[in-house]
Amino acid sequence: MSLRSVCVFCGSRSGLNPVHAEAARMTGEMLARRGWRLVFGAGDVGLMGEVAKAAAAAGAPMLGVIPVHLLGRERVERDRTTIVVTEDMHERKKVMFMNSDAAVVLPGGAGSLDEFFEVLTWAQIGLHSRPLLLLDVAGYWQPLLALIEHVIAEGFADASLKRHFQVVSDVPALEAALAATLV
């Protein structure tokens, strides 16, 4: 069986609620325990850093992807990590996703939203059928889910849009959902 890889999109900040950092650490540990490779943004800052440090400490193989313009702004997590340097953020997103069997979106800001919507759009137009999961720790993604319902109610998307992603409320549910699809 080939190595399974999980792309994790998340904030380069930690946010204000410490439950998000704990979920990020638990995600990194879970990936290592399952023997899955972490594919991430290569930095050691924010939730991204929490996932990476926990995954590295637990022995997970890792692929970090960072655009050249961020090399001086983010310290690159190098323990157990293969690093790919891209020209820009768009290429970073594409390389991360194309090297993964599934994508998980933890809490984050504009970048995480961009990553979620691009991967969701790729699924909607038939470019992939890989699992896309939102980790809705402490209800973080509830406003986003309400917006998606609004977009559907206003006729700008079909209800089938919701079939292209799954919402899980905690890391054990995330692990179960990934285990069901990464066979």
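In this predicted model, strands E5 and E6 run parallel and are joined by three bridges, and within this pairing valine 105 has leucine 134 of E6 as its bridge partner. The two strands belong to an open sheet of seven strands, in which the order is E4-E3-E2-E1-E5-E6-E7 and the pairing is parallel. The edges are formed by strand E4 (81-86) and strand E7 (166-168), each of which pairs on one side only. On average, and with direction ignored, neighbouring strands of the sheet are turned by 25° against each other. Strands of a sheet pair through backbone hydrogen bonds, either parallel or antiparallel.

Elsewhere in the sheet, E1 and E2 also pair in the parallel sense, over three bridges, and serine 5 stands opposite arginine 37 in E2. In a regular strand the side chains alternate between the two faces of the sheet. In E2, Arg37 and Val39 point one way, whereas Leu38 and Phe40 point the other way, and all of these residues are buried.

H2 lies across E1, E2 and strand E3 (62-67), and runs at about 155° to E2. Helix H4 (residues 110-124) lies across E1, E5 and E6, with a direction at about 150° to E6.

The largest nonpolar core contains 32 residues, and those with the most contacts inside it are Val6, Val8, Leu38, Leu106, Leu135, Leu174 and Leu178. At least two residues of this core are supplied by each of strand E1 (5-9), helix H1 (18-34), strand E2 (37-40), helix H2 (46-57), strand E5 (102-105), strand E6 (132-135) and helix H6 (171-181). Apart from this core lies another, of 24 residues, which includes Val39, Phe116, Leu120 and Leu145.

Helix packing was then considered. Two packed helices are described by the angle between their axes and the distance between the axes. For H1 and H2, the angle is about 35° and the axes are 7 Å apart, and the crossing is right-handed. On the H1 side the contact involves His20, Ala21, Ala24, Arg25, Gly28, Glu29 and Ala32, which meet Leu47, Glu50, Val51, Ala54 and Ala55 in H2. Sorted by class, the residues of this contact of H1 with H2 are seven nonpolar, two polar and three charged.

H1 also packs with H6, and here the axes come within 10 Å and cross at roughly 35°, again in a crossing that is right-handed. The residues that make the contact are Ala23, Met26, Thr27, Met30, Arg33 and Arg34 of H1, together with Val171, Pro172, Leu174, Glu175, Leu178 and Ala179 of H6. By class, the contact of H1 with H6 divides into eight nonpolar residues, one polar residue and three charged residues.

Backbone geometry in the loops was examined next. Most residues other than glycine have a negative phi, and most peptide bonds are trans. Alanine 42, which is placed in the loop between E2 and H2, has a phi near 75°, a positive value in a residue other than glycine. Alanine 42 counts as buried because its relative accessibility is 0%, given that the cut-off for burial is under 20%. A positive phi is also found at alanine 138, where the value is near 55°, and this residue is placed in the loop between E6 and helix H5 (142-153). Alanine 138 counts as exposed because its relative accessibility is 60%, given that the cut-off for exposure is over 50%.

Lysine 162 lies in the loop between H5 and E7 and, at 34% relative accessibility, counts as partly exposed. Its contacts, when neighbours within four places in sequence are left aside, are with Ile148, Glu149 and Ile152. Lysine 162 and leucine 120 are 42 residues apart in sequence, and their C-alpha to C-alpha separation in space is 9.3 Å; leucine 120 is itself among the residues of the core of 24.

Methods: Residues are numbered from 1 along each chain as its sequence is written. This is a predicted model: local features need pLDDT of at least 70, side-chain atom pairs count only at pLDDT 80 or more; totals for chains, interfaces and linings use all residues. Side-chain values use heavy atoms; hydrogens and water are left out. A nonpolar core is a set of buried Ala, Val, Leu, Ile, Met, Phe, Trp, Tyr and Cys residues joined through side-chain atoms within 4.5 Å. Buried means under 20% relative accessible area, exposed over 50%, partly exposed in between (1.4 Å probe, protein chains only). Helices (H or I, at least four residues) and strands (E, at least two) are DSSP runs, numbered from the N terminus. Axes are lines fitted to C-alpha atoms, for helices over the stretch in contact, and angles run from 0 to 180 degrees between N-to-C directions. A crossing is left-handed if the near helix is turned anticlockwise from the far one by less than a right angle, and right-handed if clockwise. Contact means heavy atoms within 4.5 Å. Ala, Val, Leu, Ile, Met, Phe, Trp, Tyr, Cys and Pro count as nonpolar, Asp, Glu, Lys and Arg as charged, and the others, Gly among them, as polar. Two strands pair if DSSP finds at least two bridges between them.
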